[in-house]
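Me: I have a model open and want to go through it piece by piece. Can you take my questions as they come?

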Amino acid sequence: MIHRVIFPPDDYWTNPPKENHMTNPVAGDCRRATALVSHHAHGSLPGVNEILRSSVECDRVTPTIIATLDFYQAVVPMFITHLGMQALSEVVNNLASNDTDTDRQRAARLIAHHANDNVPELNSVLQATAQADRVTQTILSLLDLYVILLPQLQTPLGLRCLEKSVVDLAAAEEEVE
């Protein structure tokens, strides 16, 4: 292993940098997303609130939402057959077009646009959500929607997998880039 010596600036201890450059922001977003799903699955509203607060504090709300969508997109194929995913896609598209609950409709649109790699529409939904000041409600609707779409994550095995993912991602977050 190669070690390198890093010399901090003279005023490092009296005037530390505002950002921690020793963390991996992508791993942090993934950890927050997985922890968010895990806390929601356990019914821990304080845990969900803490993750959302953390995302706001480090200005990573949108990346946390995207990481949450990425997480589900990676997990769904592990639990559901190809035919089942097609059926889920129809359910999501129906909710995205016809649901009367605006937050759930936004959540379904986020899922649909993310699954189709439609970045302009995904950004449009994110911007509309922020402008309506409904980010938290939409995130909660996204989590609630996946409880319905993917109940396997609520099982003891699913919860153990989530907890292990949080620990693994927290370790990756601490690695120096």
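**Helix 6 and its surroundings**

Reply: D133, which follows helix 6, has a positive phi, near 55 degrees. Helices here are DSSP runs (H or I, at least four residues), numbered from the N terminus. This is a predicted model, in which local features need pLDDT of at least 70 and side-chain atom pairs count only at pLDDT 80 or more, while totals for chains, interfaces and linings use all residues. Residues are numbered from 1 along each chain as its sequence is written, and side-chain values use heavy atoms, with hydrogens and water left out.

Me: What caps the N-terminal end of helix 6?

Reply: N118 does, with a side-chain oxygen 3.2 Å from the backbone nitrogen of E121. A polar contact is a pair of N or O atoms within 3.5 Å; within protein, one must be able to donate a hydrogen and the other to accept it, and residues adjacent in sequence count only if both atoms are side-chain atoms.

Me: How far apart are the end C-alpha atoms of helix 6?

Reply: They are 18 Å apart, which agrees with the 18 Å that its 13 residues should span at 1.5 Å a residue. The expected span is 1.5 Å times one less than the number of residues.

Me: Which residues of helix 6 are buried?

Reply: L122, V125, L126 and T129. Buried means under 20% relative accessible area, exposed over 50%, and partly exposed in between (1.4 Å probe, protein chains only). Down the axis of helix 6, the buried residues fall within an arc of 95 degrees, so they line one face of the helix. The arc is taken from the directions from the helix axis to the C-beta atoms.

Me: And what is exposed on the other side of helix 6?

Reply: P120, Q127 and Q131.

Me: What do the buried residues of helix 6 pack against?

Reply: Helix 3, helix 5 and helix 7. Contact means heavy atoms within 4.5 Å.

Me: New topic. How many aromatic pairs are in the whole structure?

Reply: The search finds two. F71 and Y72 have ring centres 5.4 Å apart and planes at 65 degrees, so that pair is edge-to-face. Y72 and Y146 have ring centres 3.6 Å apart and planes at 5 degrees, so that pair is stacked. Y72 is in helix 3 (residues 61-79) and Y146 in helix 7 (residues 135-149), 74 residues apart, so to speak of the pair is to speak of a link between distant parts of the chain. Rings of Phe, Tyr and Trp (its six-membered ring) pair if their centres lie within 6.5 Å; planes under 30 degrees apart count as stacked, over 60 as edge-to-face and the rest as tilted.

Me: Are F71 and Y72 buried or exposed?

Reply: F71 is buried, at 13% relative accessible area, and Y72 is buried at 3%. Y146 is buried too.

Me: Which residues have the most contacts inside the largest nonpolar core?

Reply: Y72, I111, Y146, L150 and L153, in a core of 37 residues. Helix 1 (25-41) and helix 8 (156-174) are among the elements that give two or more residues to this core. A nonpolar core is a set of buried Ala, Val, Leu, Ile, Met, Phe, Trp, Tyr and Cys residues joined through side-chain atoms within 4.5 Å.

Me: What is L153 in contact with, leaving aside neighbours within four places in sequence?

Reply: V37, F71, Y72, V75, F79, G158, L159 and L162.

Me: Last one: is V26 buried or exposed?

Reply: V26, in helix 1, is exposed at 53% relative accessible area.
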